[in-house]
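Please look over the structure before reading on.

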Amino acid sequence: MTRHIVTLLCAAALWLPALAADPIRVVATTTDLAAIARAVTGDLAQVASVTSGAEDPHFLQARPSYILMARDADLWICVGMDLEIGWEPAILSGARNHAIMPGGPHRLDASAEILRMDVPKGPISRAQGDVHPHGNPHYWLDPLNGRIVAESIAKKLGALYPHHAPAFYAILARFQNELDARMFGPALVKRVGGEKLWVLLLRNELDPWLKQQSLQGELAGWLGRMRPLAGSGLVLYHKSWNYFANRFNLKIVAELEPLPGIPPSPAHLAGVVQAAKAQDAKAILIEPFYPVKPAEFVAQRCSAKVVVAANAVNGQPEATDYLALFDNLVNRLASAMTR
C-alpha cells in the first residue's frame, strides 16, 4: 500500500508542473492583435486569431470553430470601436464564456488607450455609409498604436497572471524597442531612445531637433524611407489607411468608395480621377480583398500607380507578423511613389 501511495505521489509531482506550465489561451479577433499578443507573450501563451488576415474584417460569418475558440479562451482581445459588431456578439453568445463578455475580467478592448481618428462630431445615419460612431477602427495601421496595444496586452495579462508579469514586461520592452528601431532606424534609437523620438514626432519637433543635434543622417527605418514622400497625394479604396497616412504625413486626396462600404460608381470614379490629377496623387492604395478594377480605371487616367498591400498580418505572404506588415506596406508604397 505504501509503495502504491508513493507511486501516485511521484506521478502527481510529474503531472502538476506540466499542468501549471500549460500556456495561457489568448484569442484575438484579428491577426494583427494576435501578432502583437504573440510578440509580447512568447512561450507563455498560445495565441489564435478569429480572422485570417485575408478577408475584410467588417464582414465575417460566425462559425462553430470560432465559438469553440471563444469558449476556451483565457483572454479575449477585440479591436473594438464596433469593427466586430456584425459577428462578435454571435460568437460570444454561443461560447457562453462569461469572463470574456463585455465588461468581463478576461476581455480586453484593445482600443481603450489608442490615439483615435475620424470620430464623428455630429449625428450619424446609414445614409453616411458604414460610419463608426466611436471613430475609425483601423488604428493598428499606426505603429504607435501598435506599441500602445502591446503595452495594454502586457498590462492585462500581468494583472491576470501576476506570477508571469515580470516576463510579460521584459518581452514587451524588447518588442517595443524592435518596433522603434524599425520606425526610426536602430542607430538613432540606440543613441536617443525610442520613447523620446516618439514624443518629438508627436510634437512635430523631430525634424528641427535632429537638425539641431546634427542627426538628420541617422533617421532610417520606416519613417526615413517615407520621409521624402511627406505631403504626397494618395488615393484610397476604403478609409482603412487613414492612420498610416496620418503617421507618415501623406495627403489623402480621394477615396474610391463614395461612402464607406459603398462600391464606387462610374460618376464617382470620374470625380476621383479629377482629384487625383489636380493634387498629383502618386499612388492608389487598395487592400487585396477589394476589386482592383476601379483602381486601375483611375490609374489609367492619371499618373498614380496602383499599390495592392495587406492591411492585416497574413494578408499577403510578406506580412508574416506585425512588424513585417509595415515592412511590406512601406516597401510597396515607397517603391511605387518614388519617381
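In helix 5, Pro143, Gly146, Arg147, Ala150, Glu151, Ala154, Lys155, Leu157 and Gly158 are in contact (heavy atoms within 4.5 Å) with Ala165, Phe168, Tyr169, Leu172, Phe175, Gln176, Leu179, Asp180 and Met183 of helix 6. The model is predicted: local features need pLDDT of at least 70, side-chain atom pairs count only at pLDDT 80 or more, and totals for chains, interfaces and linings use all residues. Residues are numbered from 1 along each chain as its sequence is written, and side-chain values use heavy atoms, leaving out hydrogens and water.

**Helix 5 and helix 6**
- The residues of this contact comprise eleven nonpolar, three polar and four charged; Ala, Val, Leu, Ile, Met, Phe, Trp, Tyr, Cys and Pro count as nonpolar, Asp, Glu, Lys and Arg as charged, and the others, Gly among them, as polar.
- The axes (lines fitted to C-alpha atoms over the stretch in contact, with angles from 0 to 180 degrees between N-to-C directions) of helix 5 (residues 143-160) and helix 6 (residues 165-184) come within 9 Å and cross at roughly 175 degrees.
- Helix 5 is therefore roughly antiparallel to helix 6, a term for angles over 145 degrees.

**Leucine 144**
- Leucine 144 belongs to helix 5; helices are DSSP runs (H or I, at least four residues), numbered from the N terminus.
- Beyond its neighbours within four places in sequence, leucine 144 contacts Leu115, Trp198, Leu202 and Arg247.

How values were computed. Helix = DSSP H or I, 4+ residues; strand = E, 2+ residues; numbered from the N terminus. Parallel < 35°, antiparallel > 145°, perpendicular 65-115°, else oblique.
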